[in-house]
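Hi,

Here is the structure I promised to pass on.

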Amino acid sequence: MPFPTAQQTATYLRFETAADVTKTGRGLEAALGGGGTTGERLRVEVVRDDVVRLSISRGGRFDEQPTHAVCVDPFEQAVTFELEHADDVVRLRTDAVVVSLYLSPFRLDVHRTDGSAVVETYQDSDGVWWPYATLNDEFVVRRRAGVQDAIYGLGEKTGGQNRRGRDFTLWNTDVLSPTASGEFALQKAADDPRSDNTSTEFDPYYVSIPFFYHHASDGGVAASFLDNAYRSHYDFTPDDEYRIHVTGGQYVEYVFAGPGIPDILEGYTWLTGRTVPPPLWSLGYHQCRWFNYTQDKIEELAARHRAEDIPCDALWLDIDYMDGYRVFTWDTEKFPDAPGMLARLADDGFRVITIIDPGVKHDPGYAVFDDALAKDVLCRTEGGDLYIGEVWPGNTTFPDFATEEGRAWWGELNAAHVRSGLAGIWNDMNEPATGAIEPHAMRFDHGRESHAKYHNQYALLMAMGTTQGLLAEMPDKRTFVLSRAGFAGIQRYAANWMGDNMSRWDHLWLSMPMAGGLGLSGQAFVGADIGGFMGHSNPELFLRWMQYGALTPFCRNHSAAGNVDQYAWSFGDAVRDAVRAAIELRYRLMPYLYAAFLRASETGAPVQRPLVFDHQEDPMVRELDDEYLFGPDLLVAPVIEAGTTARQVYLPAGTWYDWHSGERFDGQQFLVAPTPMDRIPTYARGGAVIPMWPTAPASTAGHHPDVVELHVFLPGEGDEAVHTSFLQEDDGLTFAADDGARVRTTCEVQRVGDRVTVRGEVEGDGYPEHARGWFRVVVHGGEPSSATLDGEALTLDGATATFENAREAFALTLTL
């Protein structure tokens, strides 16, 4: 349905006054009125010094948990604040922000204590203020914005990372389904790229996260998280404002003052949860294809990877492994001994993951359906019928994940499913996709709650139930769940891939700003189907995508049935060899990649992130969509067009080293980088320590090397800052590291003149499998003339220093 324009929202009822302001334990409360409205109240509550929650009642009541996104008590931290009353304004003041509540006319502004704007109410050309207006349960908020300001976030969105100048709908959508996407495509003019659901501008997509950053052109960054899962529309097209329109539910908004993006993301992921430390195998290479495999074919596929020396940790099974698309079943003709197959694959270092859709075939006599019916855990209509959609099994019912009993039932089914030896679960079709049948008649909580309230939360609740079931079955093992759809908080339970992309160069490009948007929205574990899912790939596109995909958080080769083969070896020896090299680089970088995921779990910092995350003060990076940072210290600039032999790269502030040639560059400059077919431009940050395995194993299974390399990239002359990196070694499978069963070596690099000191501090109790007894330090950017280790002379081999170290602190001093 089209969203109303600013002119149409002029009919909405506006609160014109605020009165009876009282101080509460966390802020203030006031009565709102005027404009024919009565009975609603405003709350302004301090969450942290730099975070406030704004909410307005609906029907006189406040909803304390409008969605399942927030996973902590937002008021668990003690915060000091003051209220100041003036003639027509009440100000709430913390050490970081000032919230100004204007009484008549009512408006609500937030500023930092230095006076810079966080959010400011918009005043239209008629002098009317628009802090909040409502009509028939819908509401609209309008805020000031500058024409040169930038907007980031909103989760999985198409187009460039800067959302300014565009508008977006938040409604989880099966993008390539003509029924689901057709509603939105038909709203657009024929020459609007959003009328084509395969375009790189189409909106909406699978994951809706109502969280965005507002980057003032001349200042800091603020952010907004609207804790509301109803369909919403964010309009950033006007030159002097932005508008948020929501079709139902309550207005509950968390406002983050920033002004730094990392601090905002830390606060947002504190509220909604962080990407949990993944099992190490999930960071390896994954091979997936929608294909009618048999047990023998899967084992042959595994053997081929080993024969071709292609490192690989996981094989995936799409919908054809099931008996008639009935979830939690196996086609026993194709897979006569699934547990035996899984055990044999595990012995060779392969994990197996199967798809599980939410759709349960409407089929009396099918045990899952019968049990769901008996336990009343399926979605119903307003009249009490079972809701029926139409997806892969035909007539399909859907679990009611809005109820605890529905999630628990689903979790038990997943637990039983993995007992066969599966390593993880793939949640697809969970927007929810309902095929040619509209979803709106699907209701929740035994038919009591509307579809609109839970549509965007459906995948989050499915992943919640799935993860709870896996943890019940394997309480000592880290879980792995992959989800197509999601909402704020999905990162607590699942990784996301970017859905059904196309085997096209523009979709390779699209995955960069899309991954950046997801990362800035709290979801660190993301990746696109390498090679493209729909359509035929080709040798050059596949190779370039693999070189890029190997340097993304989630690395999975996936394609649809009927496409040309796009296995690692499908395009001949030359492509295979270059693909192997790309995957081997990923495996050698595994310690660095794992550390980046641990940072995400501790601070929310994305693994794949746009340059603006680390360099928001640099105006150049606001619109930069074709390069990114992989972890904090590697800059990657993929090839995104056929026939490219060189491409322009922008290096932000700092010292940078070409990963392949070792050439050093100063930052804040453009350069032209060669792009031969065997590599893509990659740069390491000066001052970084990149931990690496010396060689790439066939898989991560049982891999505990006795030597770990520390690649030290020298800071530039005059850079005397202390640069910090870390390596964490643990079993990579269990939660034991949380209780100290790990070895974390934090490295600090400092340069003073021609002397560079690398210090390693160690914490953790170790773990049984730990086998590392040596560090090999490889210096980039200069060949030291001498070295000392803890004050004793150390022999160098060119730019390499090797010394015994199991888990001891050390100080390595290099003289250049």
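Strands count as paired if DSSP finds at least two bridges between them, and the elements themselves are DSSP runs numbered from the N terminus, with helices being H or I of at least four residues and strands being E of at least two.

Before going on, a word on where this comes from. This is a predicted model, so to speak of local features we need pLDDT of at least 70, side-chain atom pairs count only at pLDDT 80 or more, and totals for chains, interfaces and linings use all residues. Residues are numbered from 1 along each chain as its sequence is written, and side-chain values use heavy atoms, leaving out hydrogens and water.

Back to the strands. β5 and β19 sit in an open sheet of eight strands, in the order β2-β3-β4-β5-β19-β16-β15-β13, with antiparallel pairing. At the edges are β2 (17–23) and β13 (150–155), each pairing on one side only. From one strand to the next, the twist averages 20°. (Axes are lines fitted to C-alpha atoms, for helices over the stretch in contact, and angles run from 0 to 180 degrees between N-to-C directions.)

Two helices lie across strands of this sheet. Helix α2 (residues 261–272) lies across β4 (37–48), β13, β15 (208–215), β16 (221–226) and β19, and runs at about 155° to β15. Helix α9 (residues 505–520) lies across β13 and β15, at about 80° to β13. Contact here means heavy atoms within 4.5 Å.

β15 also brings in an aromatic pair. The ring centres of Phe 212 and Tyr 234 are 5.7 Å apart and the planes are at 75°, so the pair is edge-to-face. (Rings of Phe, Tyr and Trp, its six-membered ring, pair with centres within 6.5 Å; planes under 30 degrees apart are stacked, over 60 edge-to-face, the rest tilted.) Phe 212 lies in β15 and Tyr 234 in β17 (residues 232–235), so the pair ties together parts 22 residues apart in sequence.

Further along, UniProt lists residues 278–595 as "domain: Glycoside hydrolase family 31 TIM barrel" in an unreviewed entry; such annotations may be inferred rather than shown by experiment. Over residues 278–595 the chain is 36% helix and 12% strand, with the end C-alpha atoms 11 Å apart.

Cheers
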